[in-house]
Amino acid sequence: MDRLKQFFACRHFAEFRARIRSRTSFQAALVELFLQGRIRSYVLAYLSVQEGEDFEGADGYDTHIPLFISQLLRNLGRVSLCSLNLPLWKLNVHIDIDPLVNLRSLYSLLLFGHRGRKTSLVTRAGIAWQRLVFQLKAKLVSAVMRMTLWRTIGRRQNDGFIRLLRFPGVRRLLAVAILVLFPSAHELTEPEWLSLLNRIEDYFVRRLNDLTAALPEQSLSNHGVIKLVKVAFGTIVGRVSVRDAHEANNSEFIFNTFRIAYCWGITYPLVDNVLDSSSTVQAVREQLTLALTNIFNSEKSTACSGLADEGCDPGVREVSERLREALSLVPSARLKAARSLLGNLLESHRRDSRRRISTIGLSTEESVRSEVMIDTALKSALVRLATMELCGIEVEELTISGCLVRSLFNQLGDDLWDIYEDADDDRVTPYTLFLLNGGGGNPFDFYFRYTAFMTDGFSRRRRTAALMGFCETLRDSLLSLRDRPEDSLDVAGNIAGLIERAKQQSASNFVQEVPHVDFDAVLFAFEKAMLELLPS
């Protein structure tokens, strides 16, 4: 940790944040994204630790996605990626409105100023100017996005999605995304391109309307949409990696990949969040588990077997239809294994959702604590393995064991970040069980020791990246306390105790300034900013 403290100190990240003085959620999200680009080699190393694949290029990229991520982070602020074209008389006025360009200039001035003993007046003036322009550009970009959303979606949701998806800027972004995600898209002819874009737009207009009608409010507040996008992205990357196992026609392959990515992605907001939430009524919980059990055990199941249409929850109906659609796109040779794995995933969800802090009792046996820790790793691992099966990727024994090891590391971090959210929702995790019931092993210490154990034998950069991820999780957990009136569970005290027991007292302050090495936190920051821009 001392090495990390020196690493961040010489890059002046804490001072950079202080100089910016972010005033809106969008500005704060841009700052975190820019800082992530400053540690891009460690971001790729952390992805390698999380995913068990080489994202650093040391052994050659398995797909083109790692290279795309690396180049995207490298070029943040180097060239403008956002501009505004204004027609004035017979001229087109091109205005650069990318705020990241000014963040990069400000950061360069900051580093240049520290080369001498005192920062010159010119440097201080340059920093103030770049900060002002950054804030003005960020406000302008926010205003443009808000106006676009109002012009397209407005208050008429059904027609709004049609206008939004067919908005010229959105269609261009979709075309660029297809070119980046699908190398085979370069072989499409112009008529094939137009047909593909129209099919994708028509498909998602219907799907987004149905999802909006079915999405529970608590699922939206629990990062349901951003997790949908993340799961969908992973599904697309996985399916592209086994391109030869799927449709020969490039247009069909791209369209069906978007379909299965979306259908699998909505299981997070409509299954995970619903089963985990204590506010979900028992009738909906039973409908959902029955419907999913029927889907995973039978090819001819219906969404709400035995119930009239008016008695079936909209969310249950939507996720049932989408899962059947996803299974229809799985290669026939892998369909049986996919159904079996999905059934195991559902059982893991059921086991986890049945446990509640309020009913588990104070005298918790050690066997219960062991089951909680096992299910912490198992549920996360099964999601990853199920994604592989749906993509048509062969799952081997070595893959399963590696997935379990990485999933426990990832889930321990997620649960530490969400301690109060889990406690408020009566969910049982290793942390809520320890803080509310006491006894047993300390999960804070276990998380630190497990990080060191899992990365033993890794390269120095990957071990450092894993430790950055650990410190980032501590930071996010501490920052989340700002929104609470009090720290009744003494989360801050337990984190301070962990650092002290690790003999790293000098690191207790710097963990609050660690930049994000994990994409999740940056995505959540942009999610918060976008939700503030949406029409109410």
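Hello everyone, and let me start with a definition: a residue is buried when its relative accessible area is under 20%, exposed when that area is over 50%, and partly exposed in between, with a 1.4 Å probe and protein chains only. With that in hand, Tyr 431 is buried, and Phe 444 is buried too. I will come back to that pair.

A word on where this comes from. This is a predicted model, in which local features need pLDDT of at least 70 and side-chain atom pairs count only at pLDDT 80 or more, while totals for chains, interfaces and linings use all residues. Residues are numbered from 1 along each chain as its sequence is written, and side-chain values use heavy atoms, with hydrogens and water left out.

Now the overview. The protein chain has 26 helices and 2 strands; helices here are DSSP runs of H or I with at least four residues, strands are runs of E with at least two, and both are numbered from the N terminus. Of the 536 residues in the chain, 51% are buried. The accessible surface is about 25,700 Å², and carbon and sulfur atoms account for 56% of that; the areas come from the Shrake-Rupley method with a 1.4 Å probe, and for residues only the protein chains shown count as cover. Next, contacts, meaning heavy atoms within 4.5 Å. Among contacts with a separation of 6 or more, 73% are between residues 24 or more positions apart.

Let's look at the strands. Strand β1, residues 83-88, pairs with strand β2, residues 91-96, in the antiparallel sense over 6 bridges; pairing requires that DSSP finds at least two bridges between the strands. Leu 86 sits opposite Val 93 in β2. The hairpin has 2 residues between its strands, and there Trp 89 takes a positive phi near 55°.

On to the aromatics. Rings of Phe, Tyr and Trp (its six-membered ring) pair if their centres lie within 6.5 Å; planes under 30 degrees apart are stacked, over 60 edge-to-face, and the rest tilted. How many aromatic pairs does that rule give? The count is 21. One of them is Phe 34 with Tyr 107, edge-to-face at 5.8 Å centre to centre and 75° between the planes. This pair links distant parts of the chain, with Phe 34 in helix α3 (residues 25-38) and Tyr 107 in helix α6 (residues 99-113), 73 residues apart. Phe 34 and Tyr 107 are both buried.

Here is the pair I promised: Tyr 431 and Phe 444 are edge-to-face, 5.2 Å centre to centre with 70° between the planes. Tyr 431 belongs to helix α22 (residues 430-437) and Phe 444 to helix α23 (residues 443-454), 13 residues apart.

There is also an aromatic cluster, formed by Phe 182, Tyr 203, Phe 204, Phe 253, Phe 255, Phe 258 and Tyr 262. One member of it, Phe 255, has Arg 199 over its face, at 4.1 Å from the ring centre. For a charge to sit over a ring, NZ of Lys or CZ of Arg must be within 6 Å of the ring centre and within 35 degrees of the ring normal. Arg 461 does likewise over the face of Tyr 42, at 5.9 Å from the ring centre.

Some individual residues now. Leaving aside neighbours within four places in sequence, Gln 27 contacts Arg 21, Ser 22, Phe 134, Gln 135, Ala 138 and Lys 139.

What about the cysteines? The structure holds 0 disulfides, a disulfide being a pair of cysteine sulfur atoms within 2.5 Å. Cys 391 is buried at 1% relative accessible area, and Cys 471 is buried at 0%.

Ala 333, in helix α17 (residues 332-354), is exposed because its relative accessibility is 72%. Its C-alpha atom is 8.6 Å from that of Gly 392, 59 residues apart along the chain.

Asp 426 has a positive phi of about 65° although it is not a glycine, and it lies in the loop between α21 (419-424) and α22. At 17% relative accessibility, Asp 426 is buried. Asp 490, also not a glycine, has a positive phi of about 60°, and its loop runs between α24 (460-480) and α25 (491-501). Asp 490 is partly exposed, at 42%.
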